[in-house]
Amino acid sequence: MTPTNEKVPKQTKPLTSKERADIQQYFSLVLNEMKKHGLPDVGLLKKAFTLAVTAHGDARRKTGEPYIMHPLQVAKILADCGHESDMVAAAILHDIVEDCDITKKVIETEFGINIADIVDAVTSVSAMLAPDESLSKLDLDTMSDVKFLNESAKVKKAVYIKCADRIHNLQTISIFPEEQQKAKAYHTRNIIIPAAKKLHIHNLVDILGNLCLQIENPQQYQELCEIYADILKKNKDTLTGPF
């Protein structure tokens, strides 16, 4: 019998040359976005990118895309918001302890304690425990939530990573059964959004709320979108001005 909390290997398939080029290009987009908001630590970001690419290797998401694209897209969400280099580097690295054979100590040695603490705060409990058949997935998920809430109270930047991570997961959740999608939305509303509200992360909270509504009540979401589009159309001149 497979232990309940044993890590399930991700599907793998060698990356094509085009996929590798796309990954590099997307990382360049992250850098370019950061340059719009200031002077990023390019050396730090390239170092994080190199480690993440190596660690995730040929792993793929259930959508079939290279797994490394997920942390890069999480990083892009934060770069778009104008966050600093340590936050974006932590976003690039946020899954390597949970999914790869990389320890917090390695991250601390290579990137310092601040980035290591951020990554650790968003790493699930299952990545840190020996296999234990007595622990169900619900037990592990609950323990991970408690760990995240406790540690993010000290490492506040972890909440930004968690929000951006959940945004991308909800944006790409359509391949999962409806029940699983709604469970993820419910968890977002009850765990992640309240934590983000305490830190007044309103821009990411708004995005998460919209994604949850889209999953929980797609008809109401569509109706609201149509009403909003109609308001914009009727008030076009007022909103944009005559020039």
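The structure is a predicted model, in which local features need pLDDT of at least 70 and side-chain atom pairs count only at pLDDT 80 or more, while totals for chains, interfaces and linings use all residues. Residues are numbered from 1 along each chain as its sequence is written, and side-chain values use heavy atoms, with hydrogens and water left out.

I begin with the overall fold. The chain contains 13 helices and zero strands; these elements are DSSP runs numbered from the N terminus, with helices (H or I) of at least four residues and strands (E) of at least two. Along the principal axes, the C-alpha atoms fill a box of roughly 60 × 40 × 40 Å.

Of the 243 residues, 42% are buried, where buried means under 20% relative accessible area, exposed over 50%, and partly exposed in between (1.4 Å probe, protein chains only). Taking contacts between residues at least 6 apart in sequence, 69% join residues at least 24 apart; a contact means heavy atoms within 4.5 Å.

I turn to the interior. In soluble globular proteins, nonpolar side chains tend to be buried together. Which residues have the most contacts inside the largest nonpolar core? They are L72, L93, I107 and I115, in a core of 63 residues. Such a core is a set of buried Ala, Val, Leu, Ile, Met, Phe, Trp, Tyr and Cys residues joined through side-chain atoms within 4.5 Å. Beyond its neighbours within four places in sequence, L93 contacts A48, L51, A52, I107, F111, I115 and V119.

Helix α7 (residues 113-121) has among its buried residues I115, I118 and V119. The buried residues of α7 pack against α2, α4, α5 (96-99), α6 (104-111), α8 (137-152) and α9 (157-171).

Next, the aromatic rings. A search of the whole structure finds one aromatic pair. The ring centres of F27 and F49 are 4.2 Å apart and the planes stand at 5°, so this pair is stacked. Rings of Phe, Tyr and Trp (its six-membered ring) pair if their centres lie within 6.5 Å; planes under 30 degrees apart count as stacked, over 60 as edge-to-face and the rest as tilted. Because F27 belongs to helix α1 (residues 17-37) and F49 to helix α2 (residues 42-56), the pair ties together parts that are 22 residues apart in sequence. F27 is buried, at 2% relative accessibility, and F49 is buried at 8%.

Two lysines sit over rings: K47 over the face of F111, at 5.3 Å from the ring centre, and K162 over the ring of F148, with its charged end 5.3 Å from the centre. The criterion is NZ of Lys or CZ of Arg within 6 Å of the ring centre and within 35 degrees of the ring normal.

Finally, H200 has a positive phi of about 60° although it is not a glycine. H200 lies in the loop between α10 (178-198) and α11 (202-216), and counts as exposed at 57% relative accessibility.
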